[in-house]
Amino acid sequence: MTRLSPVLGPLTPRQRWRRARLQAYSWSLTGLYRLGALHPAIWRLVARGYHPALDWVAARHARVACQFAAVDVPAYRHFLRERGAEHARTLAGFPETTKQNYAGTYDEESRCQEGRLHRPGVIVDESSGSSGKPYNWVRGPRELKGIYRNAAGYIELVFPGERLFVINAYSMGAWATGTTTGTAMARIAMVKNTGPDLEKITDTLLHFGPGYDYVVAAYPPFLKHLRDRLDEAGFPWRDYRVRGMVGGEGMTEALRDYLEERFEEVRSGYGASDLTIGMGAETGFSVRLRKRLAVDQRLRDALLGPGEQRLPMIFHYNPLETFLEVNADGELLCTINTKSCLQPKLRYNVGDEARLHTLTAVKEALGDDYERMWTDERMNLPLLFLFGRKDSTISYMGANLYPQDVEYGLYQGNPYAAAISRFCLSLEELPGLEYRPVINLEVRGEVDAEELATICRKGVVAHLSAVSRDFAESLKEDPTAADLRIRVFGEGEGPFAKLTKMKNVYLVKDA
């Protein structure tokens, strides 16, 4: 489908005056934020000194960001006019944007400030669309500097050390997390960009020796591969100080506990290629809070809602830079407040289900236990409780697995295709705390389950490698990514016992 390419066109005197006022206001607030991130020590001071009264400032700035884009960003002007919202006066009056109705409808240039994309220092990141089609996300130099400062400030706060050495094990290339992590960490540490290469990382640790404060940045499953590989090699863990920084997908507390038998600590960050890197981050307090939620039904009811059994990831976030809301469907909306954002992100719905709470609300829910759970980071920012994607996507090793791509792999050239009644996906923790996507198959009649599983696994891996660049890159850099699990069930058995025949369900939480 050809995407729309609206242009800004001439502005009326009133629009020019409105644009100048909004621009001055937005730049003044952005300048204040930037002062707070000039040095990691100042960043830590701001994070620790955040006051709930600033929530009002953040909300106002989010509204100003939408109002400014309404006269400055061609695509957003057209988007609002199509919905009769060009004169919205409240933040809620501006409609949600999504990959489907906005990023996939308008081209990159028309979504930029002033409709101008090409400028020195712009970096283009990439992520895969639901059909394997790549989506491009552009970030300008000012925006990137802010991201680098925030990431560096967080790392120094959570992973203090006199001799920081970051081993960047994220996938390299046109993927935002890998390249951004390497550049950001170079501000405050020695960095080696190994990518997810177990041998290179092992060699690096042994070559440079135990005299450094190591932080390995990677996807959660890869960090487990690294622990297991080093254990096999008889790595002298006790002589080293090694910590882990993960992202790209969720992580269970069981896996964290397993990793922390070797790593001093493991913390996770939250971001999205559509939006920005480092929107939220864990601290010791948020980890303790999550562990408490796992065993305290009263606290879970108070913070997540009555009867909620899922255990979300918990991150601190800064509303002054990334203003978050939750809509009526429980989905997270994000507005990037800073004026330095080349492609403004305005009430953008990435499809994640979440809850939001101020630190004060969490403190009240914890009561007397609050002080006992507090940790040295003392980050005073509000909290994001993230359940993950609400759609039928499974995130694995930085790649998104979509049901339609799995279907192609199951049926294309498969002599047993006629025996497959339907399928669903799940993400399960296997023995050894290994997380793997599971493709559950419902079959008709008698079939050789082992042979069927082998053929289906090969077909799905081959198709995903062909259509998903993220998956292909993960497979090339870490062959264990091909270890998709296939489970075969008879009709109405296993996860299919709870599903009706009226409509297929492609993602199940408890297979």
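User: What covers the buried residues of α13?

Analyst: In this predicted model, the cover over the buried residues of α13 includes α11, α12 (297–304), β9, β12 (348–357), α14 (370–373) and β13, where contact means heavy atoms within 4.5 Å. Helices (H or I, at least four residues) and strands (E, at least two) are DSSP runs, numbered from the N terminus.

User: ok, and which residues of α13 are buried?

Analyst: Leu359, Val362, Ala365 and Leu366 are buried in helix α13, which spans residues 359–366; buried means under 20% relative accessible area, with a 1.4 Å probe and protein chains only. They lie on the same side of α13 because they cover an arc of only 120 degrees around the axis, the arc being that of the directions from the helix axis to the C-beta atoms.

User: What comes just after α13?

Analyst: Glycine 367 does, and it takes a positive phi of about 65 degrees.

User: Switching to the sheet, what's the strand order?

Analyst: Eleven strands form an open sheet with mixed pairing, in the order β4-β3-β5-β6-β7-β8-β9-β13-β12-β11-β10, and two strands pair if DSSP finds at least two bridges between them. The edge strands, β4 (190–193) and β10 (322–326), each pair on one side only.

User: How many bridges join β5 and β6?

Analyst: Strand β5 (residues 213–218) and strand β6 (residues 241–246) pair in the parallel sense over six bridges.

User: Anything about how the model was handled?

Analyst: Residues are numbered from 1 along each chain as its sequence is written, and side-chain values use heavy atoms, leaving out hydrogens and water. Local features need pLDDT of at least 70 and side-chain atom pairs count only at pLDDT 80 or more, while totals for chains, interfaces and linings use all residues.

Note on methods
Buried means under 20% relative accessible area, exposed over 50%, partly exposed in between (1.4 Å probe, protein chains only).
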